[in-house]
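Let's take a friendly walk through this model together. Have the sequence and the 3D view open as you read.

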Amino acid sequence: MSEDGFSSSVLDALPQAICAISDADRLAYANAAFWKFAGVAPEDCPIGSPLRDVVRMLAYRGHYGAGDPEAQVEAIMAINRTRFSRRQAATADGLRTLELTSMPLPGGGFVNTAHD
């Protein structure tokens with residue numbers, strides 16, 4: 001637990017999928033809702049995994065919509081993560097529309113959130 005009495009358990013309790021990517025473009029944190037959203041267990045894409053692997057995992061599970069997953073990977077990797085961004089994407093099955101945000105972190109890296 002941190003000095004102010006909070007820990008990652010607070011983020012794990014939120015229903016929004018949250019993941020943090022380090023300034024070295026590696027997965028630094030993912031909350032419980034992220035793993036549920038992704039449809040995989042944390043050990044399938046462990047902390048320290050390259051960002052491209054995380055994006056590819058999500059693309060092949062239809063989280064960026066219908067279309068070529070490799071083209072989606074390239075489009076997602078091209079997003080400027082030094083600026084806040086927000087976009088909507090329908091899942092490949094058409095059952096959900098997601099709001100996806102990316103927020104830069106001080107000193108590098110960024111946080112992504114997703115919710116329907």
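## How strands are paired

Two strands count as a pair if DSSP finds at least two bridges between them. Strands themselves are DSSP runs of at least two E residues, numbered from the N terminus. Keep in mind that this is a predicted model.

With that in hand, look at strand 3 and strand 4 (residues 97–104): they run antiparallel and are joined by 6 bridges. In this part of the model, Gln 88 stands opposite Glu 99 in strand 4.

## The cavity

The structure holds 1 cavity of 30 Å³ or more, and the largest cavity has a volume of about 210 Å³.

Which residues lie nearest the centre of the largest cavity? They are Cys 19, Leu 58, Tyr 64, Leu 100 and Asn 112, out of a lining of 20 residues. At least two lining residues come from each of strand 1 (17–21), helix 2 (32–38), helix 3 (51–60), strand 4 and strand 5 (110–115). Sorted by class, the lining has 14 nonpolar, 4 polar and 2 charged residues.

Conventions: Residues numbered from 1 in each chain as written. Predicted model: local features only at pLDDT ≥ 70, side-chain atom pairs only at ≥ 80, totals over all residues. Heavy atoms only, no water. Helix = DSSP H or I, 4+ residues; strand = E, 2+ residues; numbered from the N terminus. 1 Å grid on protein atoms, 1.4 Å probe; cavity = no way out; pocket = protein on both sides within 12 Å on 5 of 7 lines; lining within 4 Å. Points joined across faces, edges and corners; volume = space filled by probe spheres on them. Nonpolar A, V, L, I, M, F, W, Y, C, P; charged D, E, K, R; others polar.
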